Amino acid sequence: MQLPPALHARLAGAPGSAEPLPVERNPAAGTAPFRFAPRLVRFPREHDFFEDGDVQRHLYLQDVLTQVGGAPERPRVPEFTCQVAGCCQAFGALDDYEHHYHALHGNVCSFCERAFPSGRLLDAHILEWHDSLFQILAERQDMYQCLVEGCTEKFRTSRDRKEHLVMRHLYPVDFRFDKPRKSRGPAMPGAAEQVLAETLGDDGVPSEGDAMEVCSEHVEPPPEPAGERRAYSHRIPSTICFGQGASRGFKSTKKRNKHQ
Amino acid sequence: MWSRERGRLKPLRCGVEELRCRRREREAALRKARREQQLVSKRLLRDEALEEAEEGCVAVIFGEAEIQQFLRLAQRGTEEKEREGALVSLRRGLQRPETQQTFIRLEGSIRTLVGLLTSNRALLQLEAARCLHELSHSEQSAVVEACLPATSYLLTYLSGHSSDFIELCLYTLGNLIVESEAVRRQLLPQGIVPALAACIQSPHLTVLEALGYALSQLLQAKEAPEKIIPSVLGSTLPQHMLQLLQPGPKLNLGVAVEFAWCLHYIICSQVNNALLITQGALSTLGLLLLDLAGAVQRTEDAGLELLACPVLRGLSNLLTEAAAEAVGRQLQLRDERVVAALFILLQFLLQKQPSLLPEGLWLLNNLTANSPSFCTSLLSLDLIEPLLHLLSVSNVVLTVLCNVAEKGPAYCQRLWPGPLLSSLLDTLAFSDTEVVGQSLELLQLLFLYQPGAAQAFLQQSGLQALQRHEEVAQLQDRVHALQQIALHG
């Protein structure tokens, strides 16, 4: 197909067009037995017309390693250590360091040095754990913000929030970034074991809880499920918490540098 | 300026003929899948350098005991290196479907993996994410759906900052998304749309390409028009997408391809195209078309047709919207460079991907149908002859010519004389009634508006050409009418 030589130059030229030629229709045009009329054509999603292009698209997706190539060479550098105070992790590749830095030193709470996966979760944590004004306001209005990006709901208690996360957002019941601090409750011997188990991380990873959590429960009487608990429910003062927050007191034998 | 983020070709491990054969098989499988509306493709992200180093280790299938050991080591190992090494071994093993099956059936395995994913050990996190990614790529639904407990975390991590990790999470999510409606029914309430809308502001090209992939999978879902596209349109995603499609030095082909496809899926679902038009979609796609035409001239770049396809589709479909009409009055849509660009692309497609030519011609139809301006451009830029060259590809060429001719004598005059008559006599020799029918329509217009056309037709044995079709039901009336006009004026 030969294109006029001036065409490429036209493309590179300025926007604009020649004055359109005058339109002058004869009513006889397109009348029976003829039927032509200019028509805009649209094709919906599943139309067969799109088959060829769709197949090419998917071949590309499947093929992406061969066509577009793989990840570029990861630059390796002489081993160096993380410069953050107290952290002595060593690295041989910048990518690894980038990930380490963001995971552990990125969104870090300056009060308690816990790390969070995102700014949003860090902000919520600071508000709920370290802001005394928050506690005061929380007594009178809904202050616990939903953790899901884009959801603006607020709740009176962190338990209510958790319920919302589970019911509305289908989050797991044990969502790691929403472990409430237990102010009372686990005062029974069985519960103490349960606490230790939590300290070890119910995901089976030792002392993991330290780094990542969000909210605290303040002076919140838990709903009493059965009579046997009541005898113990006020034994432990509310200011002492037995959940993740207190794991530093209940250190496992595998004591580790919490900055690693 | 088009730049290629990843340009490395994987070394061929088998012969070219074998590759071609495999490609034909895959193509056939994809066509079948599309007809059954089961078009599903997953992306597997494997670090090439890593993979080459690990060659030969993938052959092993792990049993329960081995998997358990790896998990235990990863969780409880004392040495950092030991823990990582265990996960790496597990990850390699998970490339095998048998190992995947064993893994998901092992009690607590996913739970442990999720625990490692959310731990504060960065390298363990990464490896755990890679394990999940392998699982997400499986063809077995049970394996893929075993990854569901991890989704809330994958989404949470999209708001982080580690680009490699985010990229991995996105490809994993994309694979999960495409697996089943059940998976999407979980991901939507978990906030995948807002999470993507936040993540799309990342400056990293790799993240953006991954995000485009995940989003395109979401938009391609069967239930997307009702359940997904409205919330996507309600978010800031469309604006960002259009921004990422703006031509210019920062335009990256890989990223643009993904978002152009996203745009196509949204547009052809016809949920709220008027909104897209107000956000500048027509204008952006038009500029992109111009840019593409420039690029095909400059480079031999493989892959431009991957971008051309969704751009052509997006433009064509948007032009049918009422709202487009209002925008059409702007200079943008009367710019004859659009027509020039389209023809340059048609020529490119003729070489590279002839199966896409009908799509290009579809755009030409929608451009010219109601636009005296574009019809004039076709004439003033001397494009009728190149257009005729494509007659054998599609009879939309005839439709476009009719679009021009029906605008009256001033237009027909410019169509005449030239090669048009002999081309029409050729098409009259076809047996395809569609093609012949369109030719007859065009002839009527020419006879009506162009004095001397009928005469010339007669002189070139036009009547004989018509005679062939006198008995054909769909054509009879028109054939007779034309014969009358030709003979008696």
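Modeller: In this predicted model, the buried residues of α15(B) pack against α12 (192-199), α13 (205-220), α14 (224-234), α16 (253-268), α17 (273-278) and α18 of chain B. Helix α15 of chain B covers residues 237-244, and its buried residues are Leu237(B), Pro238(B), His240(B), Met241(B) and Leu242(B). An α-helix has 3.6 residues a turn, so residues three or four places apart point the same way.

One of the partners of α15(B) is α18 of chain B, and α18(B) has a contact of its own with another helix. Helix α18 (residues 281-298) of chain B and helix α19 (residues 304-319) of chain B have axes that come within 10 Å and cross at roughly 145°. Two packed helices are described by the angle between their axes and the distance between the axes. The crossing in which α18(B) passes α19(B) is left-handed. On the α18(B) side, the contact is made by Ala281(B), Leu282(B), Leu285(B), Gly286(B), Leu288(B), Leu289(B), Leu292(B), Ala295(B) and Val296(B). On the α19(B) side, the residues are Leu304(B), Leu307(B), Ala308(B), Val311(B), Leu312(B), Gly314(B), Leu315(B), Leu318(B) and Leu319(B). Sorted by type, the residues of this contact are 16 nonpolar, 2 polar and no charged.

Further along chain B is helix α21 (residues 336-352). At 1.5 Å a residue, its 17 residues should span 24 Å, and its end C-alpha atoms are 24 Å apart, so the two values agree. Of those 17 residues, 13 are buried, and α21(B) is therefore largely enclosed by the rest of the structure.

Along the principal axes, the C-alpha atoms of chain B fill a box of roughly 100 × 45 × 40 Å. Chain B has 489 residues, and 63% of them are buried. Among its contacts between residues at least 6 apart in sequence, 74% join residues at least 24 apart.

Leu123(B) is in helix α7 (residues 122-136) of chain B. Its relative accessibility is 13%, and because buried means under 20%, Leu123(B) counts as buried. Leaving out residues up to four places away in sequence, Leu123(B) touches Asp96(A) and Glu84(B). Between Leu123(B) and Gly418(B) there are 70 Å in space, C-alpha to C-alpha, and 295 residues in sequence. Asp382(B) is in the loop between α23 (372-380) and α24 (384-389) of chain B. With a relative accessible area of 54%, Asp382(B) is exposed. Its phi is near 65°, a positive value in a residue other than glycine.

The secondary structure of chain A comes to 8 helices and 6 strands, in the order α-α-β-β-α-β-β-α-α-β-β-α-α-α along the sequence. Of the 260 residues in chain A, 45% are buried. Among contacts in chain A between residues at least 6 apart in sequence, 48% join residues at least 24 apart.

An unreviewed UniProt entry lists residues 82-105, 109-130 and 146-169 of chain A under "domain: C2H2-type". The span 82-105 of chain A is 50% helix and 17% strand, with its end C-alpha atoms 10 Å apart. For residues 146-169 of chain A, the end C-alpha atoms also lie 10 Å apart, and this span is 42% helix and 8% strand.

Some loop residues of chain A complete the picture. Glu153(A) is in the loop between β5 (144-145) and β6 (154-155) of chain A. At 42% relative accessibility, Glu153(A) counts as partly exposed. Apart from neighbours within four places in sequence, Glu153(A) is in contact with Tyr144(A), Gln145(A), Cys146(A) and His164(A). The C-alpha atoms of Glu153(A) and His164(A) are separated by 9.0 Å, and the two residues are 11 residues apart along the chain. Glu113(A) lies in the loop between β3 (107-108) and β4 (115-116) of chain A. Glu113(A) is partly exposed, with a relative accessible area of 42%, and has a positive phi of about 65° although it is not a glycine. Pro33(A) is in the loop between α1 (6-12) and α2 (51-67) of chain A. A cis peptide bond, with omega about 0°, joins Ala32(A) and Pro33(A).

Terms used
Residues numbered from 1 in each chain as written. Chains lettered and ligands numbered in written order. Predicted model: local features only at pLDDT ≥ 70, side-chain atom pairs only at ≥ 80, totals over all residues. Heavy atoms only, no water. UniProt positions renumbered as here; feature names shortened; annotations may be inferred. Helix = DSSP H or I, 4+ residues; strand = E, 2+ residues; numbered from the N terminus. Axes fitted to C-alpha atoms, helices over the stretch in contact; angles between N-to-C directions. Left-handed = near helix turned anticlockwise from the far one by under 90°. Contact = heavy atoms within 4.5 Å. Nonpolar A, V, L, I, M, F, W, Y, C, P; charged D, E, K, R; others polar. Expected span 1.5 Å × (residues − 1). Buried < 20%, exposed > 50% of the residue type's maximum accessible area, 1.4 Å probe, protein only.
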